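Hi,

Here is the structure I promised to pass on. Have a look at it first, and then read on for what turned up.

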Amino acid sequence: MIMKKLAYFLLIASGCLWGFIGFFQRHIVQYNLLQPEMTFCQISVAATALGLFILFTDKSRFKIKLKDIWCFLGTGMLSMLCLNLCYLGSMRYTTLAVSSLLLSTAPAYVIILSAILFKEKITVQKIAALVMMLTGCVLMTGVYAGELSVSAKGLFLGVMSGVAYAMYSIFSRFAINRGYASETISFYTFVFAGLGSLPLVDFAHLAGIMNYNVAFYELCMGVICCAAPYILYTKGLEKVETSLAAILATSEPVTAALVGIIIFHEPMGWHDAAGMLLIVSSIVVININKAFFQKKHLTKA
């Protein structure tokens with residue numbers, strides 16, 4: 001029980017660290033760093049930092065079996081890289097609010113896929129938490145207000161960004177079931193995502209704008225908002241069902257909103273407060289003893 005509670009804490013903490021990426025992006029955007037370049041630098045820093053950690057602690061964690069490489073191709077290229085490409089693409093064809101909302105549907109895909117692939121039960125508790133979380137995201141993004149025009153491309157890419165986000169949990173579960181440690185999974189995720197991003201980077205432009213400030217912010221993003229949260233999330237995933245982990249990590253939008261409000265003095269309306277409260281409540285619901293809910297599951301293992 002103690003280990004499971006620790007896992008819950010790690011998953012919530014991972015979401016909080018992901019939520020701080022906006023803080024660093026606000027500072028680095030003034031240097032005209034393109035998004036593919038930012039992504040590549042962030043992933044490269046994360047891979048290097050984690051690689052050095054493994055090198056000096058337990059070199060055996062570098063070892064993977066060739067037959068299992070598909071797990072890491074999944075977490076790296078099909079998840080991390082595709083998430084960045086689809087999310088950025090979605091923002092080109094629709095609003096940031098809609099893109100964020102479509103991305104936040106990832107836990108729904110995780111719940112469905114986990115039930116199919118890993119026989120995890122879809123319980124009333126999970127559904128209640130999911131509905132609260134999605135409602136909170138709707139309120140925070142403001143998509144409920146006014147008419148929204150969403151192109152087919154924007155909708156498709158937004159949905160795919162959510163699917164790609166969900167794929168990390170799914171492929172990580174496959175890797176965990178094969179005995180790989182969280183550090184191993186995260187390291188090879190960064191390696192394959194970095195390799196996949198190489199063709200997208202304008203290295204001449206990157207070299208021209210690189211300076212101490214850019215390097216500092218990329219270092220912070222790579223360690224604090226990439227390496228650390230992915231390790232914490234994957235570590236928590238070792239002790240918690242895949243579907244529960246995805247919901248617990250939704251502390252990310254709440255943290256991002258608080259960073260904007262407290263540090264950058266962005267305005268907060270009633271819908272922001274209500275949305276944050278619902279998302280936090282969804283995490284609380286997941287932690288409530290199951291005796292409060294119906295014992296009958298919606299699907300059987």
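Let me start with the rings. The count comes to 16 aromatic pairs, and bear in mind that this is a predicted model. One of the pairs is Phe 187 with Tyr 188, an edge-to-face arrangement with 5.0 Å from centre to centre and 80° between the planes. The edge-to-face label applies because planes over 60 degrees apart get that name. Both partners are tucked away: Phe 187 is buried at 12% relative accessible area, and Tyr 188 is buried as well, at 14%.

There is also an aromatic cluster, made up of Trp 18, Tyr 168, Phe 190, Tyr 230 and Tyr 233. Keep those names in mind, as several come back below. One more ring to look at is Phe 264: the charged end of Arg 26 sits over it, 4.8 Å from the ring centre.

Next, the helix packing.

How do H4 and H9 lie against each other? Helix H4 (residues 69–93) and helix H9 (residues 182–197) pack at about 55°, and their axes are 8 Å apart. That angle makes H4 oblique to H9, and their crossing is right-handed. On the H4 side the contact includes Ile 69, Phe 72, Leu 73, Met 77 and Met 80. On the H9 side, Tyr 188 and Phe 190 are among the residues that take part.

H8 and H11 make another oblique pair. Helix H8 (residues 152–177) packs on H11 at an angle of about 60°, with the axes 10 Å apart, so the two are oblique to each other. This crossing is right-handed too. From H8, the contact uses Tyr 168, Ser 169, Ser 172, Arg 173 and Ile 176, and from H11 it uses Tyr 230, Tyr 233, Thr 234 and Leu 237.

Helix H2 (residues 21–28) and helix H11 (residues 212–237) pack at about 170°, with their axes 10 Å apart. This makes H2 roughly antiparallel to H11, and H2 passes H11 in a left-handed crossing. In H2, the residues that meet H11 are Ile 21, Phe 24, Gln 25, His 27 and Ile 28. Their counterparts in H11 include Val 214, Tyr 217, Glu 218 and Met 221.

Thr 234 lies in helix H11. Is Thr 234 buried or exposed? At 0% relative accessibility, Thr 234 is buried. Leaving out neighbours within four places in sequence, Thr 234 is in contact with Tyr 168, Ile 176, Ser 182, Ile 185 and Ser 186. The C-alpha atoms of Thr 234 and Ser 172 are 7.0 Å apart, although 62 residues separate the two along the chain.

Ser 104 lies in the loop between helix H5 (96–103) and helix H6 (106–117). Not counting residues up to four places away in sequence, Ser 104 touches Met 133, Leu 134 and Cys 137.

Ser 100 is placed in helix H5 and counts as partly exposed, at 24% relative accessibility. With neighbours within four places set aside, Ser 100 is in contact with Tyr 87 and Thr 141. If you want a pair to compare, Ser 100 and Leu 278 are 178 residues apart along the chain, with 17 Å between their C-alpha atoms.

Most residues other than glycine have a negative phi. Lys 119, though, has a positive phi near 60°. Lys 119 sits in the loop between H6 and helix H7 (124–141), and is exposed at 55% relative accessible area. His 265 also has a positive phi, near 55°. You will find His 265 in the loop between helix H13 (251–262) and helix H14 (270–287), where His 265 counts as exposed at 66% relative accessibility.

Cheers

Conventions: Residues are numbered from 1 along each chain as its sequence is written. This is a predicted model: local features need pLDDT of at least 70, side-chain atom pairs count only at pLDDT 80 or more; totals for chains, interfaces and linings use all residues. Side-chain values use heavy atoms; hydrogens and water are left out. Rings of Phe, Tyr and Trp (its six-membered ring) pair if their centres lie within 6.5 Å; planes under 30 degrees apart count as stacked, over 60 as edge-to-face and the rest as tilted. Buried means under 20% relative accessible area, exposed over 50%, partly exposed in between (1.4 Å probe, protein chains only). A charge sits over a ring if NZ of Lys or CZ of Arg is within 6 Å of the ring centre and within 35 degrees of the ring normal. Axes are lines fitted to C-alpha atoms, for helices over the stretch in contact, and angles run from 0 to 180 degrees between N-to-C directions. Helices (H or I, at least four residues) and strands (E, at least two) are DSSP runs, numbered from the N terminus. Angles under 35 degrees count as roughly parallel, over 145 as roughly antiparallel, 65 to 115 as roughly perpendicular and the rest as oblique. A crossing is left-handed if the near helix is turned anticlockwise from the far one by less than a right angle, and right-handed if clockwise. Contact means heavy atoms within 4.5 Å.
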